[in-house]
Each structure stands twice: as C-alpha cells, then as structure tokens.
Amino acid sequence: MTAADRPGAAILWAHRGASALARENTLVAFELAVHLGATGLESDVHLSSDGIPVLVHDPRVRRGGRWIAIASRPAAELARWRIPALADLYQSVGTDLPLSLDLNDVRVARTAAAVIETAGSVGGDAAVRRLHLCLGELDELEALAARYPGASWVHSARRASLPRALGEHARRLSGAGVGVLNLKWPDWGGRAAARSAIELVHLAGVRAFAWDTQRASVAERLLIAG
C-alpha cells in the first residue's frame, strides 16, 4: 500500500504530468512528475482507431497543417506523435501511484471498459483500484460505477450544476458507488465554508477533491479544510 492508498489520504495530482515543465500528456512529463514527488498522476483518455486507450486531452490533434481525429489513427502511429498509450504509461512509471483519467472520448462506456481492462492486465486488481475515472454526466457515471465497482469513480462538476444540496448530492453519489466529488476549488467556498462543506461530503462516505488547484497557497488552504 502506498501513502496515497490510505483512506482519506490527500493526493497531489500532477495535471497531465509535470505539464509546467514538459509537454503535457507525454511520458517525459509523467516521468518528471514522479521524480518531483507527485503522489498521483492525472491525464485524459481517448480511444485510438484500434481501440487502445491513449492519453490526450482533445479528440483531434494538428499535424502537418490539418486537424486529425484521434479515433482515426492506430495507437502505434499516435505514439510516434508523442501521444502515449495507457499501457506505455504503466510500463514507464509502474502502477503504484493513483491515476486519474478524464473520460473525454464520446464513447464513454467503451473507453472506460478499455481503461479498466488495460489496468487489470498490467497491474491486476490493485491497479484498477488506483484508477480514478472522472465524468461530469451523472446518470452515465452512476451506470458505469454499478458496472465496474472495482475502480474509484469521480463526479467532476461545478457546484452550481449539482441537482441537489451538497450533502444530499454526496449521499446520492455514495449510494451509487461513486466515491469522490471533485469540484473546482473556489466552489468549496472560503475557509470556514469549505471545512463545513467538506465535512458534509465526508459524512456521506465520499472523498472531496478540488480541481484547478494550481497554487501552493490554495492547496494548503484546501488541505487544512480536509
């Protein structure tokens, strides 16, 4: 068990790897993030034309003056463009760190299945447990959590878009097998409000994450709040 595996342990995610210092979503960026002490890696996933999960944010990339769909090219060709497959990431840095993936491909269910299959084939159940699979669409998220309970499912949202009050929403997530609520950091509120909001979420058995936390002062404030 790594430090980040402990229940309630904070995870400091390297967003698309060490993307301030290297090209985002490349093996160099992920390797550098591990070297610098990240306790979790974050990326985005799409499927290549041969159904392999690859780590890239957008559904298209610009090559030779034109836009090319990720879904139209095999993973081996994408690798030559420095777009790694998920299996390449595991081969490069191992499976010990939590890995958060935004399911950006419109074929969400197929992508989730491919990601879970890849993690399981490389690192077994432990690697699947360390997956944090993020989605904003709540109904689809709940359906996937029911189908694949081994992974950690994350509702990434803005607070204004939640269909219920915070505590009630967290209880809905918990009941559906979704273990994390991930809000943009200002949505948790100021210092006192954030502590209260996070306690509500924790009472439901759900972890509280904060995305777009890119300054040390913000990270420290949120860590203190829980």
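This is a predicted model: local features need pLDDT of at least 70, side-chain atom pairs count only at pLDDT 80 or more; totals for chains, interfaces and linings use all residues.
Trainee: How many aromatic pairs turn up in the whole structure?
Mentor: Rings of Phe, Tyr and Trp (its six-membered ring) pair if their centres lie within 6.5 Å. A search of the whole structure for such aromatic pairs finds one.

Trainee: What kind of pair do the rings of tryptophan 13 and phenylalanine 209 make?
Mentor: A pair of aromatic rings is described by the distance of the centres and the angle of the planes. Planes under 30 degrees apart count as stacked, over 60 as edge-to-face and the rest as tilted. Here the centres are 5.9 Å apart and the planes stand at 65°, so the pair of tryptophan 13 and phenylalanine 209 is edge-to-face.

Trainee: How many residues apart in sequence are the parts that this pair ties together?
Mentor: Helices (H or I, at least four residues) and strands (E, at least two) are DSSP runs, numbered from the N terminus. Tryptophan 13, partly exposed at 25% relative accessibility, sits in strand β1 (residues 13-15). Phenylalanine 209 belongs to strand β10 (residues 207-211), so the separation in sequence is 196 residues.

Trainee: What is the phi of asparagine 25?
Mentor: Most residues other than glycine have a negative phi. Asparagine 25 is found in the loop between β1 and α1, and its relative accessible area of 4% makes it buried. Although asparagine 25 is not a glycine, its phi is positive, at about 55°.

Trainee: Where does arginine 16, with its positive phi, lie?
Mentor: Arginine 16 has a phi near 55° and is buried, with a relative accessible area of 15%. Its place is the loop between β1 and α1 (27-35).

Trainee: Which term describes how α3 lies to α4?
Mentor: Axes are lines fitted to C-alpha atoms, for helices over the stretch in contact, and angles run from 0 to 180 degrees between N-to-C directions. Angles under 35 degrees count as roughly parallel, over 145 as roughly antiparallel, 65 to 115 as roughly perpendicular and the rest as oblique. The axes of helix α3 (residues 86-93) and helix α4 (residues 108-129) are 9 Å apart, at an angle of about 25°. That makes α3 and α4 roughly parallel.

Trainee: How many nonpolar residues are there in the contact of α3 with α4?
Mentor: Contact means heavy atoms within 4.5 Å, and here Leu86, Ala87 and Tyr90 of α3 meet Val115, Thr118, Ala119, Val122 and Ala127 of α4. Ala, Val, Leu, Ile, Met, Phe, Trp, Tyr, Cys and Pro count as nonpolar, Asp, Glu, Lys and Arg as charged, and the others, Gly among them, as polar. By class there are no charged residues, one polar, and the nonpolar ones number seven.

Trainee: Which term describes how α7 lies to α8?
Mentor: Helix α7 (residues 191-203) and helix α8 (residues 216-225) have axes that come within 8 Å and cross at roughly 45°. By its angle, then, α7 lies to α8 in a way called oblique.

Trainee: How many charged residues does the contact of α7 with α8 have?
Mentor: On the α7 side are Arg191, Ala194, Arg195 and Ile198, and they meet Arg221, Ile224 and Ala225 in α8. Of these residues four are nonpolar, no residue is polar, and the charged ones number three.

Trainee: How far is the C-alpha atom of valine 201 from that of arginine 171?
Mentor: Valine 201 is in helix α7 and is buried, with a relative accessible area of 0%. Leaving aside neighbours within four places in sequence, its contacts include Leu166, Ala170 and Trp188. Arginine 171 is 30 residues away along the chain, and the C-alpha separation is 7.8 Å.

Key
Residues are numbered from 1 along each chain as its sequence is written. Side-chain values use heavy atoms; hydrogens and water are left out. Buried means under 20% relative accessible area, exposed over 50%, partly exposed in between (1.4 Å probe, protein chains only).
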